[in-house]
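Reader: Please walk me through this one by its terms. I would like each label set against its rule.

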Amino acid sequence: MKNSKSIILALFACFIALPFFAQKENILHRELGIRIGTSFTTYNESRFSAMTKKYIQPKVGLVYIKMNDKKREELLVSYSSTFKPSNSKNLWYKIINPEVNYTYQRKIEHTWIGGFYQSSTLLNFAKNGQRLFGNNNISYTIANSLGVAADFSKILMDKNNSHLDIGIGTKIALLNHVVRPAYAHPYPEHYLQEDVFTPTRDGLGKSIFKSGKIRTIDKYQSIKLIFSLNYYHKNHLKIGINYEGNFQNVREGKRANYKSQDLTFSVSYVY
């Protein structure tokens, strides 16, 4: 395990160094856009129930891309959340999922290859009409991850300064700092071990971060599969349809499995 972590750290040292050793190149274009769509979510949180819950929830995002013919950088901020179901007497989850993703890639032949940093927070509030959970209804997974990213795109049509392309990509997290609550309440184990517990939760934020553990893919998995179809109109307006499959799996302690299939519509200004 120690050897595998050392290899992963060495790989990421190379990825992090790429932007500093890269030669200055002319920027071909930048993109600034929004994404709006729907997330079809499946969630199993063993802390509360063995049942798998399914939800349809809205998803929004902001994206900024800077690229030329040799390198590509992308910053994507997204947010999704569930609504209260019509039948709220049974167990249901209020899921809040903000995420920040930064990707840096270099072009090798026809493929973009590089690394990414992802900060993902999955908040889960277990609810029902009978209030069975009292004050112990919060579960969360906070993961800061480093991983590899690869993308491939192909132009399907090019005419009159407008073109249509298709893109396929994947992101696999390799090294993660993961925070999960202890037992069945919002307090991390580190917070309980230290003599800092107060009813006002003073010091909770610091202890939440300190309670995080370094995990590789044997304990925590995060994988994304991405498909997109984009139309560039007169080289300044980009309209796209995007599919993203997101898979997160906690494989220790109280296990959790989160899957989402996101379908979003995007509009970007290219300059």
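Author: Start with aromatic pairs. Rings of Phe, Tyr and Trp (its six-membered ring) pair if their centres lie within 6.5 Å; planes under 30 degrees apart count as stacked, over 60 as edge-to-face and the rest as tilted. The structure holds five such pairs. This is a predicted model, where local features need pLDDT of at least 70, side-chain atom pairs count only at pLDDT 80 or more, and totals for chains, interfaces and linings use all residues. Residues are numbered from 1 along each chain as its sequence is written, and side-chain values use heavy atoms, with hydrogens and water left out.

Reader: Why is the pair of Tyr43 and Tyr93 called edge-to-face?

Author: The ring centres of Tyr43 and Tyr93 are 5.8 Å apart and the planes stand at 70°. The rule asks for centres within 6.5 Å and planes over 60 degrees apart. So the pair is edge-to-face. Tyr43 belongs to strand β1 and Tyr93 to strand β4, 50 residues apart, and the pair links these distant parts of the chain. Strands are DSSP runs (E, at least two residues), numbered from the N terminus.

Reader: What makes the pair of Tyr43 and Tyr258 edge-to-face?

Author: Here the centres are 5.7 Å apart and the planes are at 75°, so Tyr43 and Tyr258 also make an edge-to-face pair. Tyr43 in strand β1 and Tyr258 in strand β11 are 215 residues apart. Both Tyr43 and Tyr258 are buried. Tyr43, Phe48, Tyr93 and Tyr258 form one aromatic cluster.

Reader: Which residues touch the most other members of the largest nonpolar core?

Author: First the rule: a nonpolar core is a set of buried Ala, Val, Leu, Ile, Met, Phe, Trp, Tyr and Cys residues joined through side-chain atoms within 4.5 Å. The largest one has 15 residues, and Tyr43, Tyr93 and Ile95 touch the most other members. Strands β4, β5 (111-127) and β11 (256-270) each supply at least two residues of this core. The largest share, three residues, comes from β4. Apart from this core lies another, of five residues, including Ile65, Met67, Leu76 and Trp112.

Reader: How do you know that Asn101 is buried?

Author: Buried means under 20% relative accessible area, exposed over 50%, and partly exposed in between (1.4 Å probe, protein chains only). Asn101 has 3%, so it is buried. Asn101 lies in strand β4 (residues 92-108). Its contacts (heavy atoms within 4.5 Å) include Phe116, Gln118, Lys171 and Lys224.

Reader: What joins the side chains of Asn101 and Gln118?

Author: A polar contact of 3.1 Å does. The term covers a pair of N or O atoms within 3.5 Å; within protein, one must be able to donate a hydrogen and the other to accept it, and residues adjacent in sequence count only if both atoms are side-chain atoms. The side chains of Asn101 and Lys171 are likewise joined by a polar contact of 3.1 Å.

Reader: Where does the charged end of Lys171 sit?

Author: It sits over the ring of Phe116, 5.9 Å from the ring centre. The rule is that NZ of Lys or CZ of Arg is within 6 Å of the ring centre and within 35 degrees of the ring normal.

Reader: How many salt bridges does the rule give?

Author: The count is ten. A salt bridge is a side-chain nitrogen of Lys or Arg within 4 Å of a carboxyl oxygen of Asp or Glu. Side chains of opposite charge can pair when their charged atoms come close.

Reader: What makes Glu99 and Lys224 a salt bridge?

Author: Their N to O distance is 2.9 Å, and the cut-off is 4 Å. Glu99 is in strand β4 and Lys224 in strand β9 (residues 220-233), so the pair ties together parts 125 residues apart in sequence. Both Glu99 and Lys224 are buried.

Reader: Why is Glu252 called partly exposed?

Author: Glu252 has a relative accessible area of 29%, so the label is partly exposed. Arg215 has 18%, so Arg215 is buried. These two form a salt bridge, with the closest N and O atoms 2.5 Å apart.

Reader: Why does Lys66 count as partly exposed?

Author: Its relative accessibility is 25%, so Lys66 falls in the middle class. Glu73, at 16%, is buried. The side chains of Lys66 and Glu73 meet in a salt bridge of 3.8 Å, N to O.

Key
Helix = DSSP H or I, 4+ residues; strand = E, 2+ residues; numbered from the N terminus. Lists of a residue's contacts leave out its neighbours within four places in sequence.
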